[in-house]
Amino acid sequence: MSQTSYLKKSPIIGFVRYSQKIEFGGNVRNMFEPEYFEYRYKIFTDITLKSFQQQTNPNFILFVLHSENMPQPYKERFLKLEKENAFLHNIFMHDTKEAFDEALAGSVNFADFENNVAITFRVDNDDAVQGDYIEKLNTFLKEEFAETCISIPLMYRLKRIAEKSFMVEDFYFPANAVGLAYVTTKENYRTVSELGDHDLVNNKNKMILMPKNSGGGIMTINGENAINWIDPSKAKILSTEELQKYFADKQLKNLDLESLRIFPDETASFKFRLNKKLKLLVPPIFQVVSNKINSK
């Protein structure tokens, strides 16, 4: 992590795996294919990075982990982002798990411990966190929360299905990967990424779940993250304007969601249009009775 030797310390440190070529299950696409790079870079700058630029609490570090084999012109673009965003710092490393583990462990040198604890978090390079995400984490910088995971269990799965139309699903998933955090001590420093698969961290670690009504982050379905999916039967379809208002109420503002490619879902679109028409034909009293039955 020599290129970050000038970096000021912070009690909250995040990690984004961007282009280091190591497998964590499944095949890894070449991030440096020109068309693919441009698409993913735009998602990162217009959605992920944008969400961190708008944090109400700016006291955090976001390490972006890259392959040292990234072509120089691409490196220059990320170094430019680093100059423009005081919280963002790139790490270029060997394409090995050992190098990845070394980068995680080395982050202790940049941890500014408060009450003998610091917090690390993880986020994927195509997702977004709420504007008060760091502010929320800051409340857990207390020794009584040491060695505890922090999860914002509600997230929004998002897929662009037409030029001005999006499918969004409110999804409750404790230990989801969007902003999962861990309160670590100075004596036994561990990052959240060293706890194993995000959905299994609660097997051996304490976990605090934030209130469901506090909202959560965005997980994009962009056509390139094959393991991510959306359930059309539980999603709603919103126009661009409706979606921006929907997310603004949840502190997810000013994100360029149209940077996502269009992936039509004709079956889902038809089903939603049909369901909306059918609901209009059902007398209100039956809707009330049905909702009461379903809530039991």
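A: Start with glycine 14: its bridge partner is phenylalanine 121, which sits in strand 4. Before going further, keep in mind that this is a predicted model, where local features need pLDDT of at least 70, side-chain atom pairs count only at pLDDT 80 or more, and totals for chains, interfaces and linings use all residues. Residues are numbered from 1 along each chain as its sequence is written, and side-chain values use heavy atoms, with hydrogens and water left out.

Back to that pair. Strand 1 (residues 12-17) and strand 4 (residues 117-122) run in the parallel sense and share 4 bridges. Two strands pair if DSSP finds at least two bridges between them, and the strands (E, at least two residues) and helices (H or I, at least four) are themselves DSSP runs, numbered from the N terminus.

Now widen the view. There are 7 strands in this open sheet, ordered 3-2-1-4-9-6-10, with mixed pairing. At the edges you'll find strand 3 (88-93) and strand 10 (206-209), each pairing on one side only. Going across this sheet, neighbouring strands are turned by 25 degrees against each other on average, if you ignore direction.

Something also packs on this sheet: helix 3 (residues 97-106), which touches strand 1, strand 2 (61-67) and strand 3. Its direction makes about 145 degrees with that of strand 3; angles here run from 0 to 180 degrees between N-to-C directions. Which residues of helix 3 are buried? They are Ala99, Phe100, Ala103, Leu104 and Gly106, where buried means under 20% relative accessible area with a 1.4 Å probe. Those buried residues of helix 3 pack against strand 1, strand 2 and strand 3.

Let's return to Phe121, because it turns up in the core too. A nonpolar core is a set of buried Ala, Val, Leu, Ile, Met, Phe, Trp, Tyr and Cys residues joined through side-chain atoms within 4.5 Å. The largest one here has 47 residues, and Phe121 is listed with Phe44, Phe52 and Tyr133 as having the most contacts inside it. Helix 1 supplies the largest share of this core, 6 residues. As for tyrosine 133, leave aside its neighbours within four places in sequence, and its contacts are Phe52, Gln55, Phe121, Ile152, Gly179, Leu180 and Ala181; contact means heavy atoms within 4.5 Å. Another core, of 18 residues, lies apart from the largest one and includes Ala128, Tyr156, Leu238 and Leu243.

Helix 1 (residues 34-53) packs with helix 2 (residues 72-84) at an angle of about 5 degrees, and their axes are 12 Å apart. The two are therefore roughly parallel to each other, a label for angles under 35 degrees. On the helix 1 side, Pro34, Phe37, Glu38, Tyr41, Phe44, Thr45 and Leu49 meet Tyr74, Arg77, Phe78 and Leu81 of helix 2.

Notes:
Angles under 35 degrees count as roughly parallel, over 145 as roughly antiparallel, 65 to 115 as roughly perpendicular and the rest as oblique. Buried means under 20% relative accessible area, exposed over 50%, partly exposed in between (1.4 Å probe, protein chains only).
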